[in-house]
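Subject: Structure handover

Hello,

Please find the structure below. My notes on it come after.

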Amino acid sequence: MKKYILFVFTAFYFTFNVQAQEVLKIKDYRQKVLEYNQDIQAAQKQISAADEYIKVANSDKGPRIDAGASYSYTGRPFDPTGFKPSNAPIGEWLPVHHNYNANVTIKQDIYTGGRIKSSIKLAQMKKEIASAHRDYTGSELLFYADQLYWKSVGDKEALELARQYQTSVQTLVDVAKNKYEAEIVSRNDLLMAEVKLNEAELEVLKAQNNYNISIMNLNRLMGKEIISSTIVEDTVDFSEFIFDTNDVVTRALGQRAEIRQSLAEVKATHANADLTASKYKGNLHVFAKGVYGAPSPQLANSPEGNYYAGAGFSIPIYHSSKKKREMAARKIESEIAILNKEKVTDQVILDINEAMYLLDEAAKRVQLTNASLAKADENLDMIIDRYKDGLSPIIEVTDAQVNWQLAYGEYIDAKVKYKVACTNIEKASGDLYQSK
């Protein structure tokens, strides 16, 4: 009983005061979905993080300044008294137990074997990968959103179909009842019509539930309260879909996020290989260091300042074939990335060609099911008139009603699939989601 009450409340909640609400169009729905979706937000944050890593890599171009301090206690220190100058102050030039200093070092790399350049390139490719991932996520999300939206519109139209079917059967019940009361037909006709009416009422209930669930899915995807009324279009319109097929494969190869990501991954492996090679090309740097502490430069107890300046160069000479093995591994990684790019390219070409065939098939299916619906509608009217005149049995009427309902349902389904096919070819070409 509680479940039944809940259903009644839910249906009431969805249908109450719907006339005052604005119809949600597909364009507005897409925008709401993109603004709410957590995956898109996370992908955008990945791009922001990649921007910061590019700045980190660029920061290695400048000098580094480090500060430090140290302290140690020496139990048996060196005794410098034998070197004490005759004019040295009393209390200095004694064994130093306490060793401490504070220092500041400035270091600037002059040559790094391409390490900095390769690090920047690698960081840039990681940003491009993150950007492509964001676009891929957006494209997949919009495709899913369109499927949900047109399914909701189709379910709404199917609900109206179920109600029309119920009205048609109710009309048949009325005709059969009048003919039975006039003793033109047997009670069997009336009972058959009433059974069909019960079935029609159940189909209305199922159609209403399907529509309500579709609306709940719409609400969830755009961040709206699940059980809230959202009004979509009444019917799936079958309008001309304008799509530029000129150089569509070339356009897809230039726009698809998967292609961009695979290309960035190839470049990233090259940058990683250069970064690995830079470790074995040597490093040249200059530095300056200031120190203040004790013992002083003259080995006295009192703290004094000192400074250093210089340059350094280092290059690996032998590492047990480590460089050879690392570079071989980087080369293999690059070959794998290239193979993946070729695989993705083949899939994109297949996707766009398949999408064009599916769109053409979907358009023809709409036209054919619409023609079938017109014939089923004409046949139903003719059979009902014949039954009223006593020229056809009631079973022909119920069969005609079912055929009309099936033809109408096929027409609705064909229109929904056509809309999805339109979105699919936009997705296959890379036109569906264009990041700002």
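This is a predicted model: local features need pLDDT of at least 70, side-chain atom pairs count only at pLDDT 80 or more; totals for chains, interfaces and linings use all residues.

Residues are numbered from 1 along each chain as its sequence is written, and side-chain values use heavy atoms, with hydrogens and water left out.

The largest nonpolar core has 40 residues (buried Ala, Val, Leu, Ile, Met, Phe, Trp, Tyr and Cys joined through side-chain atoms within 4.5 Å; buried is under 20% relative accessible area, exposed over 50%, partly exposed in between, with a 1.4 Å probe and protein chains only). Two or more residues each come from α4 (115-181), α5 (187-221), α8 (322-388) and α9 (394-429) (helices are DSSP runs of H or I, at least four residues, and strands are runs of E, at least two, numbered from the N terminus). The most come from α9, with 14 residues. Y387, W404, Y408 and Y418 have the most contacts inside this core. Apart from this core lies another, of 29 residues, including L24 and L142.

The 67 residues of α8 should span 99 Å at 1.5 Å a residue, and the 95 Å between its end C-alpha atoms agrees (the expected span is 1.5 Å times one less than the number of residues). Just after α8, G390 has a positive phi of about 80°.

I110 lies in strand β2 and counts as exposed because its relative accessibility is 52%.

Regards
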